[in-house]
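We will go from stop to stop, picking residues and looking at what surrounds them.

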Amino acid sequence: MSASANEKDSAALKEDGNTLFKAGDIPGAVCCYTKAIKRSDSQAEKAVLYRNRSACYLKQEEYNKAEADASKVLDIDPGDVKARFRRAQAFQKLCRFDQAFLDAQRCAQLEPKNKAFHDLLRQIAAQIQQKSVQLNSTDSRVQQMFSLLIDASAKDSDRQKAAQNLVVLSREDAGAEQIFRNDGVKLIQKLLQSKQEDIVLSALRTLVGMCTGHQSRTMAIVNELGMEQLCAVMGAGASTVSLAACHLLQVMFEALTEGMKKDFRGKDEAILPEPSKELRSMLRHLMEMMPASNVSGPGRDSAINLLIKQVPRKSMKNPDNSLTLWVIDQGLKKVLEVAGTVPELSEGPPLTDNSHMSCSVLLSKLYDDLKSDAERENFNKLCEEYVQQHFSRHGLDGKLRAIQTVSVLLQGPSDVGNRTLEMSGMMDAVIALCASEDVTHQQVAVETVIHAAGKAKRASFITANGVALLKDLYKKSENDRIRVRALVGLCKLGSAGGTDFSMKQFAEGSTLKLAKQCRKWLCNESLPPTSRRWSVEGLAYLTFDADVKEDLVEDKNALLAMFELAKSEDKTVLFAIGSTLVNCTNSYEVEKPDPQMVELAKYAKQHVPEEHPKDATSYVEKRLKKLLETGVVSALVCMVKQESPALTEACRDCIARVFLALVERQEDRGTVVAQGGGKALIPLASDNTDVGKIKAAQALAKITITSNPEIAFPGERIYEMVRPLVSILSLECTLLQNFEALMALTNLAGISERLRQKIIKEKAVPKIEGYMFEEHDLVRASATECMCNLVLSTEVQKLYLATGNDRLKLLVLYSGEDDERLRKAAAGTLAMLTAEQPELCARIPGTTTHWLEIIQSLLLCDIPDLCHRGVVIVHNMMQAEKSLAETIMESEALEILSVLAKGGEGTPQPVSKVAQSCLEKAVEYSIIMTRDGKGTEP
């Protein structure tokens, strides 16, 4: 392509961008300007394009990008006053007031008579003054608190109060900055060494305030304190201190990683090195904590939790998984050290009940983040080498460690676990250890059998080789820990047929007996929580059977015991409870086979799955009612609040499914909202599996449709709902989900301008417009209703004002459709648009030759709402232009309006009043005349 062709293309794109910007289509304008920048070879033209795109970014509140584009313009032309003004605006929004003031001052010098420049200068000067006052008052408070904390003779209560005040102060940006500049980090370093837990907690929380959202301070604090000290605090015995230190490190990670994505590295725009060195140093220290014997169990769990959150990619769209590969290379064997630790043996670091589950989650996340077969093969090889190394050692301790590692792998990356289980002699050793007289040996082996029986093929193998052994352990063992685990093994094998009523591994009635024993142990408070947790695991497998579901929901004590466990310290029970509730509510995915395929399968003597009679809708509804009465919502809310690796995406998926089932009936939605279900659904719609996000968003939509959103989601929570609802306006979702999302957004759009702006910002308008063309009547009507509320916003009105589209035509045509709901929505939108933007009235005749017939049909309609919309449209058109009023009055509309204006039986007063106003306007224009002779004859 020649240079002149390039310039022509970029010029055309620039004009397209300008047109879209004026019409309010800011994303479209950005797209045009970006393409034009790439195609332009002229520096002068690029400067104009960057300046225009900077204006777009200001509109979109993307102030970093706005500042960057304006700076590029000034690099080309330092005298460009518009670019400097836009950069000043961006700096102001970014709270970089000193730089904003310099730019605004320069603008005022270049154009002294420009009022906008002087207004901005005054605003920034006032903000600088306000910040200065804050800093001065804060400085004295910081010094006062420092004096108290350093004074060894001060009372403990006074020092604690000063430490707490420091936490409050650090949450304000001015306070955090003053603490930092007054050598506060050195003081906090001393406080971290205190033997008083409250003082240490306050020091950690102060650091959280100082690091939140500020990369430059975070880097300085990490380097000054050192990861050794922070890891030592996190690895301390106290779980509260460990959790607080974990939260601090999480905030530090977020500040460093978010800063890398931004165009600046802190509010002071300091020139800083890339923080990747600090990040890797922090991760290395966390990995070194894993096998260390001097680290407490809670501290180790916190380290694993941080690795889970920070190492794998947040999105598979990001091609760079180098951090995961680095962690696998440097730390996989350290993770396996923890995974293979048997707490009852003397060798190995101290663990909690959650440690093995946390390891499983971390291993699974690392494996899922690998991109190629070669990377996965390397992961498998490292795991096999580790397991083989211990399995081949003399003595039972090595074999136990190897089997325990396999057990953890089976719970995490199961493909890797299955490969290690198939190693020579491994399965034989597991079966042999089940018969050991040592309780620890038995426990490790039985748990491995349970995790191995995950697939029908392996379940059949274990049924043939290990069922007799598990039954023997269940009946003869004197230790309840072994008996409950053996029972779960039998439960899992007994449920290998899933929901298929015709495929059962055990004899009729066996699963009911197993379930009864599980419920008995679940309700036995004298058993340790871990044993009771295993009984829930058993129910998770057995509740595939509808008879077991019915028995469980009828057992109120068992349900209450399970819900209490959901709120307990043992987080490993979460997935088992979630799975049990999914089974009881039938909220799992069920694909109903094609009847013709079923007949063919029967003819070919192939197996055909059968549904249990008690899985019918009537039974499911009764079970849901029982669960609600017993308090399932409060249990689910507690599960969502858990900060633990055990709350995996799979677990969140289960919770979202159960919530969706609970809000299926309209009359139950109030109960779910009253018990905190609405609040719990919001995080589930953003942090979940892809399917789980959709389920949670659909549940939110159902609640929003039938409840007052301002009551169901008070305060800022109502704005958090918009994104999940917009996310299910997708072709990947069902039409029902699309319809419910549109209905919910319609309700939200009718509440306030701020909510409408939020919906627009989430780029919902193009999606809603797309559904206005949907073939399904209800979806098309609900999309038009949503648009009817959105046109109250000026930005949406501008889309209709823009030329070269058929938006207005569509509304006019829909106003003449047979579907009453669609007509009401389209006519209502048209009525509001013509009232807010009178210039649209003149365009209506150009949309279709039948426009007058459509308006007349609205006026003649027996449905009061449609008739009212019709007279309002006519009134707006007559108000807009005399020529339009003449056209309308020359038609049958005059006679119809005359009849409507008289009122009488069947004509609502609002309709009569507007019709009368139309006739008065016609008289005013002298189109018609009244009886007393005013005006002219039509």
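## First stop: α50 and its neighbours

The buried residues of α50 pack against α48 (851–860), α49 (864–880), α51 (893–902) and α52 (909–924), where contact means heavy atoms within 4.5 Å. Helices here are DSSP runs of H or I with at least four residues, strands are E runs of at least two, and both are numbered from the N terminus.

Before you click further: this is a predicted model, in which local features need pLDDT of at least 70 and side-chain atom pairs count only at pLDDT 80 or more, while totals for chains, interfaces and linings use all residues. Residues are numbered from 1 along each chain as its sequence is written, and side-chain values use heavy atoms, with hydrogens and water left out.

Now select residues 882–889, which form α50, and color Leu-884, Ala-885, Ile-888 and Met-889, the buried ones. Buried means under 20% relative accessible area, exposed over 50%, and partly exposed in between (1.4 Å probe, protein chains only). Look down the axis of α50: its buried residues fall within an arc of 130°, so they line one face of the helix. The arc is taken from the directions from the helix axis to the C-beta atoms. An α-helix has 3.6 residues a turn, so residues three or four places apart point the same way.

Which residues of α51 are buried? Select Ala-893, Leu-894, Ile-896, Leu-897, Leu-900 and Ala-901. Viewed down the axis of α51, they span an arc within 160°, so these residues too line one face of their helix. Turn to the other side of α51 and you will find Glu-895, Val-899 and Lys-902 exposed. The buried residues of α51 pack against α48, α49, α50 and α52. Just past the end of α51, click Gly-903, which takes a positive phi of about 75°.

## Around α21

Jump to α21 (residues 414–421) and show α19 (residues 373–391) with it; their axes come within 10 Å and cross at roughly 45°. Axes are lines fitted to C-alpha atoms, for helices over the stretch in contact, and angles run from 0 to 180 degrees between N-to-C directions. The contact is made by Glu-377, Phe-379, Asn-380, Cys-383, Glu-384 and Val-387 of α19, together with Val-416, Arg-419 and Thr-420 of α21.

On the α20 side, pick Val-406, Leu-409 and Leu-410; they meet Ser-414, Val-416, Gly-417, Asn-418, Thr-420 and Leu-421 in α21.

## Two single residues

Select His-451 in helix α23 (residues 439–452). At 14% relative accessibility, His-451 counts as buried. Leaving aside neighbours within four places in sequence, His-451 is in contact with Ser-407, Leu-410, Gln-411, Lys-492 and Trp-534.

Then go to Phe-146 in helix α7 (residues 115–150). Is Phe-146 buried or exposed? Phe-146 is buried, with a relative accessible area of 6%. Not counting residues up to four places away in sequence, Phe-146 touches Leu-166, Ile-179, Asn-182, Gly-184 and Leu-187. Try the distance tool between the C-alpha atoms of Phe-146 and Asp-183: they are 37 residues apart along the chain and separated by 9.8 Å.

## Zoom out

Finally, show the whole protein chain, with its 52 helices and zero strands. Buried residues make up 54% of its 938 residues.
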